[in-house]
Amino acid sequence: MQFALSSTGMKESRWFWKNYQHVLAFYFTVEEINRDPHLLPNLTMGFQLYNTFPGERRTLEDTLMWLTGGNEVLPNYQCKTKYRPVAAIAGTSPTFLVEIGALLQLYKTPQFTYGPFDPMLSNKDQFPSLYQMAPEDSSLVHAMVSLLLHFGWTWVVIFISDDLKGEQFLQHLNVEIVKKDICVALTERLPAYKTMYRPGITTALNRISISSANVHILYGEAGSLIIVELAANYFLTRGKVWLMADKRDITSFEMDHMLHSFHGSFSLVQHKREIPGFQYFLKNVNPSHYPGDFYFSKYWIIHFNCSPAGSWCGKIGDCEPNTSLEFSLGDSDLMTLSDSSYFIYNAVYAMAHVLHEVLVERMVQGSPKDAEQPRPPPWQLHPLLKKLQFTNSAGQLISLDKNGNHGVTYDIQNAVNFPGGLGLLVKVGEFSSGSPLYQGLVINEEIIEWPIGFTQTPQSVCSQSCGPGFRRIPQEGRPGCCFTCVPCPEGHISNNTDAEQCARCPPHEYPNTERSRCLPKVVAFLAYEEPLGTALACAALGFSVLTAGVLGVFVKHRDSAIVKANNRALSYVLLISLAFCFLCSLLFIGRPNSATCILQQITFGVGFTVAVSTVLAKTVTVVLAFKATGPGRRMRQLLVLGAPNFIIPICSLIQVMLCAIWLGTSPPFIDTDVHSEHGHIFVVCNKGSVTAFYCVLGYLGTLALGSFTMAFLARNLPDTFNEAKFLTFSTLLFCSVWVTFLPVYHSSKGKAMVAVEVFSILASSAGLLGCIFAPKCYIILIRPDKNSLKGLKNKRNS
């Protein structure tokens, strides 16, 4: 039984001797099958070998000659009836496969392809007799994207061949890179090599040369990808990382300088196992084993500059006995197993297993006619080929049903090129599609050789990453990978790289200076331990002690003229209320609690109401005393009955009622202020009902304003101990303090807000104490001679 092998060994007058390994793999496989006593017993597998040449005319002509079996083209006529081939194993070019497939389909001849998987050829309606040995590279896009993500490459240039295969790859790649925020700087469709100098291609290459992307993805037919040769010298000087599907098919067309242009590139190749015994076969094979193979002898002469034993080229000189393909390196390295050779090995075995199954069936049936003609017609082989499954000698399950192939593994190879055209592909990692998506990548970065111009892992980004504390804003009119970094706004953070939005910190936390994380805020309040709290507390205690001292002086000199003349009972009440006013400021210092929050405002409101109403009563007393000088007047009756003393309880009762309403509707409570100061949470007393607070404060202000008005009107009354002037100054100071308090209080935050209120309490209380009682204490303690009616009369007479 015979096969036909079509191997591409020459293109446009150039010999690509790497492809000769396809022939050697075919030799090895056929011989191995013929030695196997269990596969095709009593039969010898034969073959016919053809070298393909470019051009549709030559392709169709040679195919017809092969089908005819003679040296002339005779369609629908078979010269050889005894040794007619039953299948064809064709080369790597899809164009060639399509051209011969149209003819082979007419005869239902099975056609095996050993080139890369091509989606166009998988159309069974158009090519029902064609079988691709290469598995579908459906996970290649995932492998490439995983490699891009691993190195952080988000800015790439894409080269694809201008055909269906390239377009399908581009569609799949675009879908995946969009999901992973990878952007394409430029996509260039490369024409076939015959039109590589088409108008506009030079302009496109110029755009590529100035692109900021350092990573170039290369995919498509090897013949069309030769277009990159135009820019090879430029890439050599600048340095680009190439990421391609299979470098071997591309380097078959490379020049010496292009070997350097691909230095440091990555090649993703579907993992294949070594063919047992093939390396030994390559080391020992020589042209003497196949004397009828003209190409093998020519290879020997070209690469070893000697003539094989028994060759017709006697002028060159015989080769040494140890001459071997093992010493053939560079662009003619035949020792490294290529994908195509592995697929040829599987294709031959697939055909052998199908023929063996046919023979077994015929032996079981025992038909005499079948025994006379053991070779089955080609069209009968297709049902068996579609369901064929076998395990090759490398331990891999082979199936021509592409729907059953899962879990593809890709070897990631790094191209290392040396002067003189010597190039190596070093495996640096692998990608397994059976792992969770984008998690099946394993790579060893330590052994990677980067392109010329890079001393460390290259970067390929449109914009540098935005670090923590920043967010990215897309640049208008450019891809999503091109953005501008801006700091997060106040109160926000971003703890991730390239964050699109900043997150606001919780109320109890605040951003650090880098705005990369939230820190817990420090709980703060006006404490006794801090200098401001200590100073205010000492001032409150000092003024309260001073008030108590003044009260003691007044009690001790209660029978003196100046004490008696100014209504000593009201003076006692005023001093006691002032002492409470000083002490109530201590409720504002220290950590607030529910009790202190309520007592703060109640004691403040009631205490100051008593003090101010007492000042009002003293003012009214002065006025009544002057008006009651005439006998029988009603004013005298009011003074005698102590009418001014009723002012205090009445005014205080009104304030108490206001406070009761406040406590009954919306009392003060503990609250936190998280916005006043960066990094602090202030524990404060919330006023509760702001309306009630201002009613209390407004009522107090009304009393103070009334006291000031009456005192001002009575300041010049001709009384012996008229204190109206002092009452005027005290109420004026009191009103000034609280009028100033309101704007300052509302413009303050945190501790300052509390401190302003405490200071206002102390200042207004000290103003009442000093303006009213300081002159009296001066007379009592320093000038006792004036503290009597006799002394005052002597002063007036003098």
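Let me begin with C462, which is buried at a relative accessible area of 17%, where buried means under 20% relative accessible area, exposed over 50% and partly exposed in between, with a 1.4 Å probe and protein chains only. This is a predicted model, in which local features need pLDDT of at least 70 and side-chain atom pairs count only at pLDDT 80 or more, while totals for chains, interfaces and linings use all residues. Residues are numbered from 1 along each chain as its sequence is written, and side-chain values use heavy atoms, with hydrogens and water left out.

C462 is joined to C482 by a disulfide, S to S 1.9 Å, a disulfide being a pair of cysteine sulfur atoms within 2.5 Å. The torsion about this S-S bond is about 105°, so the link of C462 and C482 is right-handed. C482, for its part, is buried at 0% relative accessibility.

The search of the whole structure finds seven disulfides, and another of them joins C183 to C481, S to S 2.2 Å. Because C183 lies in strand β9 (residues 183-190) and C481 in the loop between β18 (470-474) and β19 (483-487), this pair ties together parts 298 residues apart in sequence; strands here are DSSP runs (E, at least two residues), numbered from the N terminus. C183 is buried at 9%, and C481 is buried at 4%.

Turning to C466 and C485, their sulfur atoms are 1.9 Å apart in a disulfide, which is left-handed with -90° about the S-S bond. C466 is buried at 0% relative accessibility, whereas C485 is partly exposed at 32%.

Note on methods. Helices (H or I, at least four residues) and strands (E, at least two) are DSSP runs, numbered from the N terminus.
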